[in-house]
Amino acid sequence: MQTDVVTGAFGYSGAAIARELRAAGHQVRTLTGHPRVQTDQRLPGAGDIDTRPLDFSDPEALVKDLTGAHTLYCTYWVRFPHGSSTRESAVTNSKVLFDAAARAGVERIVYISILHADAGSPYPYFSGKAEVERHLAATGVPYAIARPSILFGSSDGLGSAASVLVNNIAWLLRHLPVFGIGDGGGYRVRPIEVDDLARLCAELGGRTDNVTVDAVGPDAPTFRELVTAIRSATGSRALLVPAPGWLIPPLATALGAALRDVLLTTEEYRAMADGLATSDSPSTGQVSLMDWIAAHGGELGRTYANELDRHYRQAR
């Protein structure tokens with residue numbers, strides 16, 4: 001039986017990839033920074049997943065825990081800086097992980113990157129991902145890179161709230177009388193459903209060539225069309241109003257402070273407004289975002305998805 005390693009197999013995309021691999025008859029091992037794993041406590045729902053700590057400070061342990069694996073599926077990244085978790089540390093840690101995989105004899109690496117990763121990008125998220133991609137190519141391990149932008153879809157533990165962007169837009173539309181749309185909202189997004197991404201990654205893991213693929217779904221609505229669809233699906237009566245783009249980041253920061261969360265970073269908004277959340281590539285997913293929103297409108301936004309609680313405060 002083939003053994004594959006998935007980073008963060010109890011997270012969002014990692015859990016979907018682990019399910020796909022197990023359904024294909026693979027043994028799944030996960031490397032995770034989960035606090036319970038770090039203190040030798042078994043995670044609920046771990047089942048037969050071989051669970052080991054993801055400790056970037058101990059490369060020798062990483063080599064040991066990667067030994068015997070055929071493919072490494074890497075979902076690790078830092079969405080926004082928080083405490084000691086920075087973009088710089090994410091780049092460094094990713095390089096340590098890939099070097100350990102090469103030393104362990106891993107036969108293939110599938111890396112979850114970002115649409116339009118570019119070393120020359122003014123946005124650290126995109127330039128950092130590009131630096132990691134370059135390092136991956138230099139390891140000599142056959143690789144595949146999947147480049148999504150925004151994910152949507154339900155998870156076992158969180159339901160539709162796992163779709164952070166879509167869910168939290170719905171939450172705001174349910175709770176605020178007015179929703180501001182920066183720069184008219186004419187910029188497009190091309191999300192992919194999380195299980196579609198998992199299937200794509202499993203397919204890429206079965207290949208032998210070095211390949212980079214845009215991971216995108218069949219729909220490419222404008223941001224205004226996306227918000228309008230969520231408003232309709234949830235029955236919200238919030239007024240959609242145009243707002244100057246410069247105003248969106250400080251408004252998001254203020255709302256985030258009230259919610260004790262990071263709602264939307266300046267980088268995320270500006271990159272989306274610059275068209276970096278869409279692609280002209282053929283669809284690699286099958287699930288329609290707009291159909292999914294219509295089907296899940298009754299549950300979207302019922303609870304707020306707090307990223308800081310989920311990844312930093314909560315005992316996971």
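## Helices H8 and H11

Helix H8 (residues 223-234) and helix H11 (residues 289-296) have axes that come within 8 Å and cross at roughly 25 degrees. Such axes are lines fitted to C-alpha atoms, for helices over the stretch in contact, and angles run from 0 to 180 degrees between N-to-C directions. Helices (H or I, at least four residues) and strands (E, at least two) are DSSP runs, numbered from the N terminus. H8 and H11 are therefore roughly parallel to each other; angles under 35 degrees count as roughly parallel, over 145 as roughly antiparallel, 65 to 115 as roughly perpendicular and the rest as oblique. H8 and H11 cross in a right-handed manner. A crossing is right-handed if the near helix is turned clockwise from the far one by less than a right angle, and left-handed if anticlockwise.

On the H8 side, the contact is made by Glu225, Leu226, Ala229, Ile230 and Ala233, and on the H11 side by Leu289, Met290, Ile293 and Ala294. Contact means heavy atoms within 4.5 Å. Sorted by class, the contact of H8 with H11 has 8 nonpolar, no polar and 1 charged residues. Here Ala, Val, Leu, Ile, Met, Phe, Trp, Tyr, Cys and Pro count as nonpolar, Asp, Glu, Lys and Arg as charged, and the others, Gly among them, as polar.

## Basis of the model

The structure is a predicted model, in which local features need pLDDT of at least 70 and side-chain atom pairs count only at pLDDT 80 or more, while totals for chains, interfaces and linings use all residues. Residues are numbered from 1 along each chain as its sequence is written, and side-chain values use heavy atoms, with hydrogens and water left out.

## The sheet

An open sheet is formed by 7 strands in the order S3-S2-S1-S4-S5-S6-S10, with parallel pairing. Two strands pair if DSSP finds at least two bridges between them. Strand S3 (50-53) and strand S10 (211-214) stand at the edges, each with a single partner strand, so one side of each is left without a neighbour in the sheet. On average, neighbouring strands of this sheet are turned by 15 degrees against each other, direction ignored.

Strand S4 (residues 71-74) and strand S5 (residues 108-112) run parallel and are joined by 4 bridges. Leucine 72 has isoleucine 109 in S5 as its bridge partner.

## Helices on the sheet

Helix H1 (residues 12-23) packs on the sheet and touches strand S1 (3-7), strand S2 (27-32), S4 and S5. The direction of H1 makes about 170 degrees with that of S1. H4 lies across S1, S2, S4 and S5 and runs at about 175 degrees to S4.

## Two oblique helix pairs

H1 also packs with helix H7 (residues 194-205), at an angle of about 55 degrees and with the axes 8 Å apart. H1 and H7 are therefore oblique to each other, and their crossing is right-handed. H1 contributes Tyr12, Ser13, Ala16, Ile17, Arg19, Glu20 and Leu21 to the contact, and H7 contributes Val194, Asp195, Leu197, Ala198, Arg199, Cys201 and Ala202. By class, the contact of H1 with H7 has 9 nonpolar, 1 polar and 4 charged residues.

The axes of helix H3 (residues 59-66) and helix H4 (residues 87-104) come within 8 Å, crossing at roughly 50 degrees. H3 and H4 are therefore oblique to each other, and H3 passes H4 in a right-handed crossing. Pro59, Glu60, Leu62, Val63 and Leu66 in H3 meet Val96, Leu97, Ala100, Ala101, Arg103 and Ala104 in H4. The contact of H3 with H4 has 9 nonpolar, no polar and 2 charged residues.

## Aromatic pairs

Rings of Phe, Tyr and Trp (its six-membered ring) pair if their centres lie within 6.5 Å; planes under 30 degrees apart count as stacked, over 60 as edge-to-face and the rest as tilted. By this rule, the count comes to 9 aromatic pairs. Tyrosine 187 and tyrosine 269 form an edge-to-face pair, with 6.1 Å centre to centre and 85 degrees between the planes. Tyrosine 187 lies in the loop between strand S8 (178-182) and strand S9 (192-193) and tyrosine 269 in helix H10 (residues 266-273), so the pair ties together parts that are 82 residues apart in sequence.
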